[in-house]
Amino acid sequence: MKISWNWLSEMVDLTAAGTPEKLAGILTFRGLEVEEIQSLGKGFEKVITAQILEMAPHPQADRLTLCKVTLGSGSSLEIVCGAKNMKVGDKVALAQVGAALPNGVKIERSKIRGVISDGMLCSEEELKLPSKSKNKAEGILILPPETELGQPLAAYLGLNDTILTFKLTANRGDCLSHFGMAREVAAALGEAPRLPKTAQFGTQSCPYTIRLEAGEASPQFWGCLIEGVRVGPSPDWVVKRLESVGLRSINTVVDATHLAMLELGHPMHAYDADRLKGGAISVRMAQAGEKLPLLDGQTITLDGFELVIADDEEGARAIGLAGVMGGGNSEVMSETTRLFLECAQFSPVLVRRAAARHQRHSEAAHRFERGVDPAGLERAISRLADLIVQLSGGAVHGATVARLPSFSSRGRLKVQLKPGYVNAFLGTKISDEEITKV
């Protein structure tokens, strides 16, 4: 599990931890092993944004160019460059003298064919950045015209962050999210965790009926209809946030589901509502031999022991492998304008078996296999709806929930603990006040 220091700091005050390294030590001591600490901005310490003021041929080399660049203040610098894709006025990435780039190159003030160069204009390849072009070797990185001059490139690219990679044991599914980890940090530091501000919308008139046909294998299901969305590329802050923890941006809707999952720990799914048949959504056991096209473009044959989501088409067509992967027959497309959101609770055992049987070890299955917070579904789907409206526009036009009577009656489990038992079991002398605080 990759946790962003910046993202975590939005949910809990990290002042007392001091540094990512110190926090890693605290959490490892509590049983949450930190495998790796990665500074995303390593190698960018002396790389800043600049602008080309003048260009001229190198007097001693036909293939080199002399570029005069400005950082927005102070005197200009002269840089010798071998690329040809830039022009006067372009915003570029300048590695200053003393920089040690991600590709291992150290920048020094040097004389190139008789001309002093006070730095280097960098390419995507030299910075080890994911290429935005088909050919990394075609030239230097050109930044957007609105880029502010003289700012650290790491900050501009969203790389001023540190990522902590945790090796979590199977019983710690509660830590497979930033808020889950924030709870642990809060307990360790004596702070209070902060949930993202989202109004829980409860239930509203909804055109879809939810049917729970698999009994205790799926005791509750929340659904939400959003209309008027516009699916498109996500803004930079979303792309950078996802990339920082190893996920690729897809579009505003899919990215919102990933953000909500990484934030709160509950996997959810968005269907194209116009591709759903009828007025009911059901959770049922699969039929042996039933076919289901998945989002990855492959069609699987079900053996009758899987949980599936189905619409109301004759025969109750399967539209998703519950807790594992959505169906390609209800996939959100670029032209989608109406969404139906799913947020449900599924049997960890059935999800694990289905993921293994069909070799689909998804991020969703990884979490459902370990158990999700049964009391957090309304908060999770409210947060997802909020993110989708924020990123894709539209508005909520209905929300509904179905729960088994057994789930509704049992409520949230309460555990009584006598402080004296803790000390007797551990052989410690911890005060009642400290135990209560923790």
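1. A residue is called buried here when its relative accessible area is under 20%, exposed when over 50%, and partly exposed in between (1.4 Å probe, protein chains only). With that in hand, T49 counts as buried because its relative accessibility is 0%.

2. Please keep in mind that this is a predicted model, where local features need pLDDT of at least 70, side-chain atom pairs count only at pLDDT 80 or more, and totals for chains, interfaces and linings use all residues. Residues are numbered from 1 along each chain as its sequence is written, and side-chain values use heavy atoms, with hydrogens and water left out.

3. Back to T49: this residue sits in strand β3, residues 47–58. Strands (E, at least two residues) and helices (H or I, at least four) are DSSP runs, numbered from the N terminus. Which residues is T49 in contact with, leaving aside neighbours within four places in sequence? They are L71, V92, L143, T147, E148, L149, G150, Q151 and L153, where contact means heavy atoms within 4.5 Å.

4. For the chain as a whole, 13 helices and 22 strands make up the secondary structure. The C-alpha trace spans about 85 × 65 × 35 Å along its principal axes. Of the 438 residues, 49% count as buried. Among contacts with a separation of 6 or more, 70% come from residues 24 or more positions apart.

5. L426 counts as exposed because its relative accessible area is 52%.
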